[in-house]
Amino acid sequence: MMIRLPTTAMTAVGNRIPIRGKVALQHWRISTVPTPRTYRNFNTSKLSSWLSSKTKQAERRTFSSGKTRFPKSKLEEFLGKSRSLPIPRWISPQYETTTISEIFGHASFMLVAISYAVDDFVQLRLIAIAGSSAMLVFTYFHPHGRVLWLPFKWNLLFTLINSYRVLKVYSDRFFANQMDDLMRYMHDHHFYVMDVVDYAQLVRLGTKETFQKGDIIVGQGDDNRYVRLVLKGELNVERDGLVTYKLGQGNFISESGLHAGLLLRGVVCSCCSIIANEDDVVILRWDRTELMYLLDIHKNMRRALKAVMSWDIVSKLKSQRSLLASGIVKDPEEWTRKRREQTLARYRGILRNMLTHPQYLNKRKEELTKYRDIHHIDDAEHEEALEAMGWTLSEFEAGKKVGQVDEDLTEKKVVGWRWYASLLYARFFESQGD
């Protein structure tokens, strides 16, 4: 006796399985349904029970972007449940419904819109984290029942990046408050215009030095590659053995036009000798190249440091007046002449540095002009300084000369590749776009 396969059971099974499940079932039909010859003596009840078990297994699976998902959890049912909105009829007679998942989606875009109106860096990133997190909920528990993996992965990446930046800000603030009492005092009394995190980063880049009375920190005519800051004690500045002014706490040493925006790298010839005037003089020292690269990355730090150096210049001018009033200067005319020689020698050192760095020779000419205006360097003195170094005015205006030395090529050997690697990291991951 020939038994036919009940088509009603197959139709019922097909209607209860999703599209991709139907494709799989059609393949199963072709490969597993017995041939007509084997229908004899076939138990119909066993076939029906077997079909029922296969149908239940297919119902347990749904396919989304090629990934298997299990039956809906209570959380998914809660987020995807349709809810009516209590809108008064005088506003809209239409019946509106929504889900909790859709509310997360709307909240995400609203938070992004709010972040555009925030000026604070940390607040902006915190709002961005909240917005991306809400979008994660919406894309995973989507109302259509399928996970939107593409936006889910991108929003997860954005959340991780913003979380890292926020964590870094708070960790930097924590470590900035771990400075010793002397460095905190310097910030409160001399660097108060600079953010404490930027100040802590500036301090970490430097190295502390201690000198005793009579020690020479920098000699006149020496090539000096360091910028220094007096933390404690008093120093004498001498030109040809004559004290021109004194340095105290908060004064910079060998800044070489940094207050005018001249970010000079490498060495600068010292125009004077700086000698410790008492014991236990504490100084913070920076490598000039490392400091200039740091200031080039962090624009806020550079602006704040220029403001600090403006007060430093005022302090040095007051020191010169106090020196004259104290009677230490025996011959004011000779003292004035040495001060002018010191100014011109400093300018020659700055000019020599720029001529040996073609990369920023033409870029910093405007800042060099500003420095000349501040220190009253006229054209004749400028041409005389160029002639002393074998340059003509036309070569300086062109910004190049045959046989010109490029000290940037030797700086990589002096500073080392690890510094440049850390510089690239700081440029891409620490710079805040200020």
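This report covers salt bridges, helix packing and a nonpolar surface patch in a predicted model.

The model holds 16 salt bridges. Three of them are listed here.

| Salt bridge | Closest N to O distance |
|---|---|
| K338 and D240 | 2.7 Å |
| E341 and K338 | 3.5 Å |

The pair of K338 and D240 joins distant parts of the chain, 98 residues apart: K338 belongs to helix α12, and D240 to the loop between β9 (235-239) and β10 (242-247). K338 is buried, at a relative accessible area of 11%, whereas D240 is partly exposed, at 45%. E341 lies in helix α12 as well, three residues from K338, or about one turn of the helix. With a relative accessible area of 24%, E341 is partly exposed. A network of salt bridges links D240, E334, R337, K338 and E341.

D312 and K316 are four residues apart in helix α11 (residues 299-326), so about one helical turn separates them. Both residues are buried.

Two helix pairs are described next. Helix α12 (residues 332-355) crosses helix α15 (residues 379-388) at roughly 55 degrees, and their axes come within 10 Å. The two helices are therefore oblique to each other, and their crossing is right-handed. Helices α8 (residues 181-189) and α9 (residues 196-205) pack at about 130 degrees, with axes 11 Å apart. This makes α8 oblique to α9; the crossing of α8 and α9 is right-handed.

On the surface, L150, W154, L157, F158 and I161 form a nonpolar patch, with about 520 Å² of accessible area together. L157 lies in helix α7 (residues 149-176) and is partly exposed, with a relative accessible area of 39%.

Definitions and conventions
Residues are numbered from 1 along each chain as its sequence is written. This is a predicted model: local features need pLDDT of at least 70, side-chain atom pairs count only at pLDDT 80 or more; totals for chains, interfaces and linings use all residues. Side-chain values use heavy atoms; hydrogens and water are left out. Patches are made of residues with over 30% relative accessible area and no salt bridge: like charges are joined within 9 Å, nonpolar side chains (Val, Leu, Ile, Met, Phe, Trp, Tyr) within 5 Å. Accessible areas come from the Shrake-Rupley method with a 1.4 Å probe; for residues, only the protein chains shown count as cover. A salt bridge is a side-chain nitrogen of Lys or Arg within 4 Å of a carboxyl oxygen of Asp or Glu. Buried means under 20% relative accessible area, exposed over 50%, partly exposed in between (1.4 Å probe, protein chains only). Axes are lines fitted to C-alpha atoms, for helices over the stretch in contact, and angles run from 0 to 180 degrees between N-to-C directions. Angles under 35 degrees count as roughly parallel, over 145 as roughly antiparallel, 65 to 115 as roughly perpendicular and the rest as oblique. A crossing is left-handed if the near helix is turned anticlockwise from the far one by less than a right angle, and right-handed if clockwise.
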